[in-house]
Amino acid sequence: MKLSRRTLLATTAAVAAGTGTGTAQAAPAGGGRLRTGFERLAADGYALLEGQRVGVVTNPTGVTRDVRHIVDVMHADDRVDLVAVFGPEHGFRGTAQAGGSEGRHDDPATGLPVFDTYIKSGRPLADVFTASGVDTVVFDIQDVGARFYTYIWTLYDCMEAARLAGKRFVVLDRPNPVTGRAALGPVLRKEFATFVGRQPIAQAHGMTVAELARLFNGEYLTAPVPLETVRMSGWRRSDFYDASGLPWVPPSPNMPTPDTALVYPGTCLFEGTNLSEGRGTTRPFELLGAEGIDGRWAAAAGEEGLPGVRFREAYFTPSFSKFQGKTAGGVQIHVHDRAAFDPVRTGIALLVTAKRVWSGFAWRSDNWIDKLTGSTRVRTMIDAGAGTDAVVAAWQEELAAFRRTRAAYLLYR
């Protein structure tokens, strides 16, 4: 191997760990510091990428534990022929807000061409991969565990496009920050498929991105793509993000902390209403409210008897988005027992009680709530006066079926 400054720089970043690709075999439960898929790939000298022209689908979360971006690390290493970067929603370097991207440009730090994947799929995205000249597409993005978080559908779209373009696909695994203990919530119905849900998975899927890639490849792609997954070591399904020892980089502008990710699978449903979901505050998805709501909502939510969570009457003034510059009243969610907390049940209970106590409650006129929940059921049941238990009970059969399908693709105990 040629010894150069680039090789020396990259070698100092590698973590001494074994390497492995995803198989049906479970990874060891605990027993040492967590190592991400990238750490294991680097520790093995990037052998999995040898002889390949490589492109990376990533964003600001694709970092080492010393917060260097993996693109910068690989670009500095002669053992990797890195020729392109592909940016998702918010962009590769994360300069765009929700619903935006950075477009096609050359990265100032590395000079690499950056291609935009956002809102591209199928043949148009396959053409992007072809134009980039890559042989292998590598995916490394931190997910947050919810069906409507768009990065997992970037993963799905890129896998399908790589198949169409005749490319190999490699997924570098990272933790599900809200654990991988169980899938929760309703399962998407295919007629409601959008970029916030392409395929019938549960609202909180309880999987890592490598596990999802295996699921997509086995169940949902038109035909399988040549797929390899580099799994983590030292991660257990019961682990929350703070057990990982990894730095938290916000995956998107309104996902500032792991606390946000914890509540997001339930409170993102408020995007489908006329209430603020806390965008434009320092606690997005933990603060919910609207002009005209008072302490009755927090009181009603508290009476639902939800495990692991308390509700505080709260007032806030968003700096952008709904109720910008106006005082909204509502609730702040305080999770005091993460293991007992059920974010999806909590989100439903908050919708039920908000509609009950505030006469101004309304769904978004485009019925976006149906896209978020995956069917008309949540909206129509709440409109008909159903309580939390009835709404949650309505999806248990489909959830049980998804859990059975999911089980075949899990990599960790």
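The second largest pocket holds about 240 Å³ of space. Of its 18 lining residues, Val-178, Thr-179, Arg-181, Leu-184 and Pro-343 are the closest to its centre. The model is predicted: local features need pLDDT of at least 70, side-chain atom pairs count only at pLDDT 80 or more, and totals for chains, interfaces and linings use all residues. Residues are numbered from 1 along each chain as its sequence is written, and side-chain values use heavy atoms, with hydrogens and water left out.

**Pockets**

- A pocket is an open set of points on a 1 Å grid over the protein atoms alone, with protein on both sides within 12 Å along at least five of seven lines; lining residues have an atom within 4 Å of a point.
- A volume is the space filled by probe spheres set on the points, and grid points are joined across faces, edges and corners.
- The lining of the second largest pocket has 11 nonpolar, 4 polar and 3 charged residues.
- Here Ala, Val, Leu, Ile, Met, Phe, Trp, Tyr, Cys and Pro count as nonpolar, Asp, Glu, Lys and Arg as charged, and the others, Gly among them, as polar.
- The largest pocket has a volume of about 370 Å³.
- It is lined by 26 residues. Glu-89, Ala-98, Thr-150, Glu-271 and Arg-279 lie nearest its centre.
- Its lining splits into 15 nonpolar, 5 polar and 6 charged residues.

**Cavities**

- A cavity is a set of grid points where a 1.4 Å probe fits but cannot get out.
- The count comes to 4 cavities of 30 Å³ or more.
- The largest cavity has a volume of about 70 Å³.
- Its lining consists of Thr-61, Val-63, Thr-64, Gln-142, Arg-174, Tyr-241, Leu-246, Pro-247, Trp-248 and Val-249.
- By class, that lining has 6 nonpolar, 3 polar and 1 charged.

- Two packed helices are described by the angle between their axes and the distance between the axes.
- Helices (H or I, at least four residues) are DSSP runs, numbered from the N terminus.
- Axes are lines fitted to C-alpha atoms, for helices over the stretch in contact, and angles run from 0 to 180 degrees between N-to-C directions.
- Helix α4 (residues 122-132) and helix α5 (residues 151-165) have axes that come within 8 Å and cross at roughly 70°.
- The two are therefore roughly perpendicular (65 to 115 degrees; under 35 is roughly parallel, over 145 roughly antiparallel, and the rest oblique).
- The crossing of α4 and α5 is right-handed (the near helix is turned clockwise from the far one by less than a right angle).
- Gly-122, Arg-123, Leu-125, Ala-126, Phe-129 and Thr-130 in α4 meet Asp-157, Cys-158, Ala-161, Ala-162, Leu-164 and Ala-165 in α5 (contact means heavy atoms within 4.5 Å).
- The residues of this contact divide into 8 nonpolar, 2 polar and 2 charged.
- The axes of α5 and helix α6 (residues 209-220) come within 10 Å and cross at roughly 45°. That makes α5 oblique to α6.
- This crossing is right-handed.
- From α5, Ile-152, Trp-153, Leu-155, Tyr-156 and Met-159 meet Val-209, Leu-212, Ala-213, Phe-216, Asn-217 and Tyr-220 in α6.
- The contact of α5 with α6 has 10 nonpolar, 1 polar and no charged residues.

**Helices α7 and α9**

- The axes of helix α7 (residues 258-267) and helix α9 (residues 343-357) come within 6 Å and cross at roughly 55°. So α7 is oblique to α9.
- Their crossing is right-handed.
- Leu-262, Val-263, Pro-265, Gly-266 and Thr-267 in α7 meet Pro-343, Val-344, Gly-347 and Leu-350 in α9.
- This contact has 6 nonpolar, 3 polar and no charged residues.
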